[in-house]
Amino acid sequence: MDIEKFSTDLIPQEQQNWQGRPEWFFNREHTDTYEQWYEGRYKLAEVWQKKVMEQLVGADRRVKSLLEFGCGTARFTRWWQQIGIEATGGDISPLMLSQAKHLFQGDLVMADSHYMPFKDHSFDALAFITTFEYYKDPVKVIREAARVGRYGIAMGMMNRNSPKVARRRVQQLFGKNPFYITATFYTPKQLTSIIHKALEGREYTIRWTCTGLPAWFPVQQWGLPLGDFFGLYVQFKDVN
């Protein structure tokens, strides 16, 4: 008897959209190749992304546990564990999490980042790696992160100040590269402004750094707001 391994029909039609729009992470054609993407041409970029995120989060010695929302296949969630931070992953996509549960030995939760199913200060920090770009209400998500994360919020994302952003938009005009159709790209300055709005009344500092520079460039990380990727860390000062 032939057994169908998986059918997208198992996912109700209404769940293929999120925030009132179709998203690539509810499309198995895209989610099945997610890990391969990191193992290919994106490998060097990932190395530098992890370097900057480790520097930013590692500087806050209070962080021993972390919740990563938009964890996908748990690519970075596994890495947080490797550098000594107890990590939990959360995602809205059952397709992503179906892979994560086979790749990651820690806890996983399927939930919407706008409504995190955790008590206040359940983790030392919250992390968003290449996922914050997809939130329709970034202020609400930051406030939820500040509620659940005691000491800080880490963000790593594609930088608006990059030639690749223009290239992606051109590709989309020709029906290619569906991954960023609903994404909103930020610069460090733009994201900082949103953070200030969301965290009004809180005491905190913000540090950021950029990477994703051309391979021929003399440095691969710097403090200018230019590059394909930037990491940012919000460190709360008003908690014990």
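Predicted model: local features only at pLDDT ≥ 70, side-chain atom pairs only at ≥ 80, totals over all residues.
Tutor: Local features here need pLDDT of at least 70 and side-chain atom pairs count only at pLDDT 80 or more, while totals for chains, interfaces and linings use all residues. Residues are numbered from 1 along each chain as its sequence is written, and side-chain values use heavy atoms, with hydrogens and water left out.

Student: Why is the contact of Glu 46 with Lys 50 called a salt bridge?

Tutor: The term asks for a side-chain nitrogen of Lys or Arg within 4 Å of a carboxyl oxygen of Asp or Glu. Glu 46 and Lys 50 have N to O at 3.0 Å, so the pair qualifies. By this rule the count comes to 6 salt bridges.

Student: What separates Glu 46 and Lys 50 along helix α3?

Tutor: They are 4 residues apart in helix α3 (residues 43–58), which means about one helical turn. Helices are DSSP runs of H or I with at least four residues, and strands are runs of E with at least two, numbered from the N terminus.

Student: How do you know whether Lys 50 is buried or exposed?

Tutor: Buried means under 20% relative accessible area, exposed means over 50%, and partly exposed lies in between (1.4 Å probe, protein chains only). Lys 50 has 16%, so it is buried. Glu 46, at 2%, is buried too.

Student: What makes Arg 62 count as it does, and how about its partner Asp 60?

Tutor: Arg 62 has 26% relative accessibility and is therefore partly exposed. Asp 60, at 2%, is buried. The closest N and O atoms of their salt bridge are 2.9 Å apart.

Student: Why is the pair of Arg 202 and Asp 238 a salt bridge?

Tutor: Their closest N and O atoms are 2.7 Å apart, so the pair meets the rule. This pair links distant parts of the chain, 36 residues apart: Arg 202 is in the loop between α8 (188–198) and β8 (204–211), and Asp 238 is in the segment after β10 (229–236). Arg 202 is partly exposed at 27%, and Asp 238 is partly exposed at 31%.

Student: How do you know that β8 and β9 pair?

Tutor: Two strands pair if DSSP finds at least two bridges between them. β8 and β9 have 2 bridges, in the antiparallel sense, so they pair. In β9, Trp 222 is the bridge partner of Cys 210.

Student: What is the strand order of the open sheet?

Tutor: The sheet has 8 strands with mixed pairing, in the order β5-β4-β3-β6-β7-β10-β8-β9. Its edge strands are β5 (108–110) and β9 (221–222), each pairing on one side only.
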